Amino acid sequence: MVAQFPAPLRYLDPSHRGEALSSNTNKVQLGLSAVLLAIGLTAGSVALGSVRESPEVDVAVAPRAAGVGALQAHLRSQPRDFGGWATLGLTYVEQARVGGDPSLYPKAGDALERSLKLAPGNDQALAGRAALAAARHDFTGALADADRALKRNPYSERALCTRIDALVELGRYAEAARAADTADERRPGIPVFTRYAYVRELRGDVRTARRVLEQALRGATSPGDVAYVATQLGQLAWNQGQYDSALRHYGRALAADDGYLPALEGRARAQAAKGEGAAAVRGLEQVVARAPLPGPLVALGELYEARGDRARAREQYALVDVWTALARAGGVDVDLDTALAEADHGDRAAALRAARAEWARRHTVHTADALAWALHVNGRDTEALPYTRRATATGYRNAAFLHHRGVIELATGHAREGRAHLTAALKLNPAFSPLAAREAREALEASR
């Protein structure tokens, strides 16, 4: 059972809120192919390992009452239990997201539709269907089903949380903030608190985000909840360049769950920032061996490249291309991943095509930044300028965004502003990337 808090946040917050692959790489590719084959079977889309935008893998809202086997046995004897079918569907969604097995999504969809056939419009199944749509990155569909569920049951924790996620992922931040306030009033607890914190972070209110996450961590009881919330705190600290604090939080997460991949990846990035390159490489190698996805693959490649091992770096970047090709063949929306990886380490024209396609679907700070940078690397800085400004307009404190804006401003003749944003990026998070941070310093020095 999810730990509940004695009072909503309004009582806690005074503000009231390429190359040939080596044999090792081929082994990884085989594993990646298996994962993406499973994705292809979903007939939907789920972007694995994408840039963090909202708390997608949310252990805190996973159903824990029964395992799949027990639910299946129950439903064989009670096939008309619509609540049981809804719980089974939601369990499949969480297993797929947490375990990286998207082949479970069709099973989730079948179970949820069975529930709705037995009890049309029941809020459990509608909330489950919203969660399934969000997992597949159909955020418009997720929002519609969450709203339908909330009409039936205004206190559905799952629907309240999915509604916040969908609004964030669609770039509707003011609405997301209102949705977080509503969720806090109705169902204060870890799932709502983590989302509330992220909405605050996106609007530049890091202090409130940290306070809320710390409160959530104090109330966490299960290992999954502790690992999840502690990792969110680690990510928040990392974004502010607070590497020692980030490492403490990641350590807390891994003490609760020593195999929690987001914490392992975060710890490796923080180790790299502190100059502990060998430990960082070992950590990221462990991550990509289990989940060869774009984010950690690029991070590992950049660590190799920073220490002069260009051949191994190219292997990691080539695996991103493999991932993209296999994912697209399976019908997965990977445009944001493609834009980010290709802009710096691949086909720049492909990066721009992907960024434009993603921007056509949703207008978030992340898609604005990706489009701006893709335009920049293609020599279209004048076009890039309004997008990079939009990426930083909410107050979100992200060193990579500030770096991109500074470079684009320098390229468009806004020298004073460009130097200011490059300086801000390096002050905020001086080692935000082993390669980009160095490039930011060089661009700043060259502009003086």
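Reader: How are helix 10 and helix 11 oriented to each other, roughly parallel or roughly antiparallel?

Author: Please keep in mind that this is a predicted model. As a general idea, a pair of packed helices is described by the angle between the two axes and by the distance between those axes. In this case the axes of helix 10 and helix 11 (residues 223-239) come within 9 Å and cross at roughly 160°. Angles over 145 degrees count as roughly antiparallel, and helix 10 and helix 11 are therefore roughly antiparallel to each other. The crossing in which helix 10 passes helix 11 is left-handed.

Reader: Which residues of helix 10 and helix 11 meet?

Author: Helix 10 contributes Val206, Ala209, Arg210, Leu213, Glu214, Ala216 and Leu217, and these meet Val226, Val229, Ala230, Gln232, Leu233 and Leu236 of helix 11. Sorted by class, this contact of helix 10 with helix 11 has 10 nonpolar, 1 polar and 2 charged residues.

Reader: At what angle do the axes of helix 14 and helix 15 cross?

Author: The axes of helix 14 (residues 277-290) and helix 15 (residues 294-306) cross at roughly 150° and come within 9 Å. Helix 14 is thus roughly antiparallel to helix 15. Their crossing is left-handed. In the contact, Ala280, Val281, Leu284, Glu285, Val287 and Val288 of helix 14 meet Pro296, Leu297, Ala299, Leu300, Leu303 and Tyr304 of helix 15. By class, this contact of helix 14 with helix 15 has 11 nonpolar, no polar and 1 charged residues.

Reader: Which residues of helix 20 are buried?

Author: The general idea concerns the helical repeat. An α-helix has 3.6 residues a turn, so residues three or four places apart point the same way. In helix 20 (residues 381-391), the buried residues are Asp381, Ala384, Leu385, Thr388 and Ala391. These residues cover an arc of only 130° around the axis, which puts them on the same side of helix 20. Thr382 and Pro386 are exposed on the other side of helix 20. The buried residues of helix 20 are covered by elements that include helix 19 (365-377) and helix 21 (399-411).

Reader: How does helix 20 pass helix 21?

Author: Helix 20 passes helix 21 in a left-handed crossing. The axes of helix 20 and helix 21 come within 9 Å and cross at roughly 145°. On the side of helix 20, the contact is made by Asp381, Ala384, Leu385, Thr388, Arg389 and Ala391, and on the side of helix 21 by Phe401, His404, Arg405, Ile408, Glu409 and Ala411. The residues of this contact of helix 20 with helix 21 divide into 6 nonpolar, 2 polar and 4 charged.

Reader: Why do the buried residues of helix 23 line one face of the helix?

Author: In helix 23 (residues 436-446), Ala436, Ala437, Ala440 and Leu444 are buried. Seen down the axis of helix 23, these buried residues fall within an arc of 105°, so they line one face of the helix. Glu442, Glu445 and Ala446 are exposed on the other side of helix 23. Helix 21 and helix 22 (415-428) are among the elements that cover the buried residues of helix 23.

Reader: What does alanine 108 touch?

Author: Alanine 108 is found in helix 4 (residues 105-118). Alanine 108 is buried, with a relative accessible area of 0%. Not counting residues up to four places away in sequence, alanine 108 touches Gly89, Tyr92, Val93 and Leu132. Alanine 108 and threonine 91 are 17 residues apart in sequence and 7.7 Å apart in space, C-alpha to C-alpha.

Reader: Where is aspartate 205 placed?

Author: Aspartate 205 is in the loop between helix 9 (190-202) and helix 10 (206-219). Aspartate 205 has a relative accessible area of 22% and is partly exposed.

Notes
Residues are numbered from 1 along each chain as its sequence is written. This is a predicted model: local features need pLDDT of at least 70, side-chain atom pairs count only at pLDDT 80 or more; totals for chains, interfaces and linings use all residues. Side-chain values use heavy atoms; hydrogens and water are left out. Helices (H or I, at least four residues) and strands (E, at least two) are DSSP runs, numbered from the N terminus. Buried means under 20% relative accessible area, exposed over 50%, partly exposed in between (1.4 Å probe, protein chains only). The arc is that of the directions from the helix axis to the C-beta atoms. Contact means heavy atoms within 4.5 Å. Axes are lines fitted to C-alpha atoms, for helices over the stretch in contact, and angles run from 0 to 180 degrees between N-to-C directions. Angles under 35 degrees count as roughly parallel, over 145 as roughly antiparallel, 65 to 115 as roughly perpendicular and the rest as oblique. A crossing is left-handed if the near helix is turned anticlockwise from the far one by less than a right angle, and right-handed if clockwise. Ala, Val, Leu, Ile, Met, Phe, Trp, Tyr, Cys and Pro count as nonpolar, Asp, Glu, Lys and Arg as charged, and the others, Gly among them, as polar.
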